[in-house]
Amino acid sequence: MKRLIRLGIAALVSAATATGALAAEWTPPGPIKLLIAFRAGGGADTQARLIAEELENRLGWKFIPEQVTGKGGMNMAAALKDMPNDGTVIGMAVTETFGYNMAAAPKSGMSPADFTGLSTTAGFQMGVVALSSKGWTSFEDVVAAAKGGEELRFGAMSPRLADLAYLLGKAQGVDFNIVSVKGGKAVMDGVNAGDLDLGFMAGIQQKGVAAGDLVNLASALSAPLVQTPDAPTFADLGVEFDSDGQFVFVGPAGMPAEAREALANAIAEVASDENTKAGGLIKKNFGGATVVTGDDLTVLLQNGYESAGKLLDAASE
Amino acid sequence: MGALDYIWAGVLAVFLGPELFSVFGVPVPVTIVMIFAGFFLGIAVGATPGLAGPIAMAIALPILISIFGYTPDALLPVMGFLIGVMKGATIGGAVPAILFNTPGTPDAYMTTLDGYPMTQKGQAKKALRVAHLSSVTGDTFSDMVLFICAPFLALLVEGYLDLPEKTALLILSLSFIAAVIGGSPAKGLISTGLGLLFAYVGTGEDFYPRLSMDSKVLAQGFPLATAILGVLIVGAVFKELTDLWREKRESGLLAGTIEDSGDQRLHMREIRRLVPYIGRSAVIGTAIGALPGIGSTLAATIGYTVGKARYQRTKSPEAPDFGKGAPEGIAATEAANSSVSGANLIPVLSLGIPGNAAAVFLILAADSIGGFNPGPSVFRFTADAVNPELVIAFGLFTAMLIANLLNWTIGGVFMRSMGIMTRIPKQVLLPTVLLLTLTAIYVQETRMEAIWFTLGFGLLGYVMRVVAISPLPFVIAFILGGKLEESARQAFAATGGDPWFLFTHPIAAVFMALSVGVILLTARNNRVRASRASA
Amino acid sequence: MSHDSRSNLILGICFAAFALLLIFIWIPFDTDTGLIEKVRRQITIGDALAPTVAGIFLLLGGLILILFERNAPDQPEVDPVNLGFMAVVFVLLAASFLVMRYGGPAVVALVNLSRETPLEYRLLRDSAPWKYTGFFFGGTLMIGGLISLVEGRITLRAVLIGIVAVLAMIAVYDLPFDDLLLPPNGDV
């Protein structure tokens, strides 16, 4: 049914442009380069590529995906910043890149103002996760173990999460050995292999938790986890910060309004449609799409950048 | 469900999976077709100088996922294809090493040492037969070990290796490589140091890309492909071009292609002579493959070194030395590097930790498609409910067996048919290989800087060859550099900032002692040899 | 190979000097965190440590060459004539890749001379035949040039081989795959 409606809309739109009545119609002047800040073949990369593929099928636009990885999306952002802003170059990263990472690296000379936010696609289901075989059923058990003299290794895949892990320990009166690893998959590998005792996972824990191998001990979000609503949030545990974050598509600063709107709407629509491969993937891993566009997104990115300073200060005390 | 039921279910998943088409009413399952397709692509890609299995896998994976989608049904066809590529490329990889002296992968480098001299003596086909026999034997042996040991061994190994031990193990690998390869420990250390240094440019924990001199070009670091293909392939091409040009200037003529001469077949008598080398190397490769994080290059090196030691004791005086065209050298290398791939899947399947590039792509496939979460849960033999991941695991074993069967039956013929490429004159082939390599890198990296990097690494590889520094420690150090730093950081943080973490854990301390020992021992041996030479 | 060659000594001095430069100048000035640093009340390994270890490898290698392997047998001799040839090869390669990079835009600029609405190569980088222009000219120059260089004369045959090889590569990389980009189309 949805598809029919969409076809109908497409037909209407093309009829309208034929008469020149609809000014909002925008088509890219050439192929669109899509800079992806994640390693090829991973879940995030796949999501970006599938969205591009679906847009190619629906709208006849041409996408050229390209990997620009490293430094928590900062390399991608640096590459994107000086590209033409006519809608022929966009990028995909996480909101953390434009918030914490830019705030923590003032030398890079970048801020969210250098970019045009297009749309978010999905929010992380960031939990503090451990193996069920550890025997912990709640976060209190972890604190008890730490207070009992056990040295606990806490895996984090970004500096922001490492700060949060530190503040979590501080709030609970324990010291974690915070181990920085590269990527969420590495945290899961470490936990599974016993190299780490617990760690942050942003959605990949879903299957393991469902199977009973892993357990969500806490939600690192401002809201409870969809899968384990009983797990306490960071606020419950006495940490005034959270790890809320989304995948986000952006362009260089100063994109024309019609290009921004057309791209943002197209991406948001694909991400929210569970019948597409991209939407299906998002539904499977993150429980559904989280779409923020337009001015709301501009505010979201700017807020993330400004509030990151407080987290940085708190963690460096 | 019992263990046997699981194995049978895995076999059925391959043969009774979704059918692609039917021949005379007999359905042809899509997984089988994909294994075939991957296998032939793998041989062709492995045999093409400048291409290698990982490149083919990297290009194929997004395409395969687009075709098969994100259902658990997609796992076996996609991973079957990748396994096919892996197996095909393993035997195909020996072809350019033997015929053109250009290893397509770092682990084929040792194959060039005896393979190319045999080609120069007109024994190319025979060298290829030795490579095929050793490779397939090693591979099959390794697969058997995988099937039998996977559930037990992986958990055992991981149980004893914590982060400090893993760091120490990486250090041991590096010092072994530096000491053993390249003839002189000093040059080995330099080669290793350079590899580490290049691996550390632009990387690191901090947001400022270190050693990038504030340039955006260096901020992303050097892509793995540019360093490996640059030093190994482009460097070799430069060296060959120079030699060719010299030859032409001095003799006024370019050497024609080398005609095959003498008996190219492999006789039972010769096979019997090769068996001990193949056997030892297969065991070495399998043992190394089972350790997470250590790849086939080390296996090839150790296999070759151990083979060499035995050969010097037992060879007949008129037989060629290792490095001068001894079939035993090829056998020792190929059996070792091929036997890594099977055992390598032990940590991959049960822990999700890859030991080589091919395994990385299998993990990526499992990760992207979903429904198969490499980790301890895979080998849980649940009795009441079916554990679908275990069925997939046995399905993958079946796919490997099918690929091995292809390997034994038609792999050798197909591989040797690639020998047609020796007919192409070198001055035509070398520039073409160069452009093909650079294009392949560009297609992966899509930026012109990658080509400049590769040419730069090519120049470095050329200079290293000129001053007799082996490029192999460079490449291995480049690959392991990131892992070494990461695991050291993690071990340091995990032990709560214990600066002596490498020495306070008994197993790690043993590895460290071995690292120092191996360097001292080779240095002493070299001194003894040097004083004998000058006496 | 000769006993008189001093290449090990020269090599050792070069690498030891480079290693000192690396450890004491390049690394301290070009990394933001030191050997170790303190974050979140925890001592962690900084970004300078790993490259310093690499530098120590180089220094050790250089020193062993100077002190112990200075008189080693089988030292290679470097032939300046060969290096000259490599320099020529490099000039040719650089020229080829510059042609590859800028050939397409140059052709578009030529075409624009006779057009009212100018074209832009960036927007044409995914349309045949434009997307092949740079790769075709640069690749042909490289292969044809290298063959001619080794053979010591420029022949039509060398150019034709170049053309055939380049066309074959276009067929392998570009035709079956929609997403792959030939050089230089990812840069423009």
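**Helix packing, domains and a chain contact**

Helices α2(A) and α9(A) are roughly perpendicular to each other, because their axes cross at roughly 110° and angles of 65 to 115 degrees count as roughly perpendicular. Please keep in mind that this is a predicted model.

**The α2–α9 pair**
- Helix α2 of chain A covers residues 43–59 and helix α9 of chain A covers residues 257–272, with axes that come within 10 Å.
- The crossing of α2(A) and α9(A) is right-handed.
- From α2(A), the contact uses A:Ile51, A:Glu54, A:Leu55 and A:Leu59, and these meet A:Ala266, A:Ile267, A:Val270 and A:Ala271 of α9(A).
- Sorted by class, this contact of α2(A) with α9(A) has seven nonpolar residues, one charged residue and no polar ones.

**Domains of chain A**
- Chain A is assigned domain 1 (2–124 + 245–315) and domain 2 (127–219).
- The centres of domain 1 and domain 2 of chain A, taken over C-alpha atoms, are 30 Å apart.
- Where these domains touch, domain 1 of chain A gives ten residues and domain 2 of chain A gives nine.
- On the domain 1 side, α4 (95–104), α10 (277–286) and α11 (294–315) of chain A each supply at least two residues.
- That side of domain 1 of chain A divides into seven nonpolar, two polar and one charged residues.

**Chain A with chain C**
- Twelve residues of chain A and nine residues of chain C make up this contact.
- On the chain A side, β2 (63–67) and α6 (159–172) each supply at least two residues.
- The chain A residues touching chain C comprise eight nonpolar, one polar and three charged.

Terms used: Residues numbered from 1 in each chain as written. Chains lettered and ligands numbered in written order. Predicted model: local features only at pLDDT ≥ 70, side-chain atom pairs only at ≥ 80, totals over all residues. Contact = placed C-beta atoms within 7 Å. Helix = DSSP H or I, 4+ residues; strand = E, 2+ residues; numbered from the N terminus. Nonpolar A, V, L, I, M, F, W, Y, C, P; charged D, E, K, R; others polar. Domains from an automatic or database assignment. Axes fitted to C-alpha atoms, helices over the stretch in contact; angles between N-to-C directions. Parallel < 35°, antiparallel > 145°, perpendicular 65-115°, else oblique. Left-handed = near helix turned anticlockwise from the far one by under 90°.
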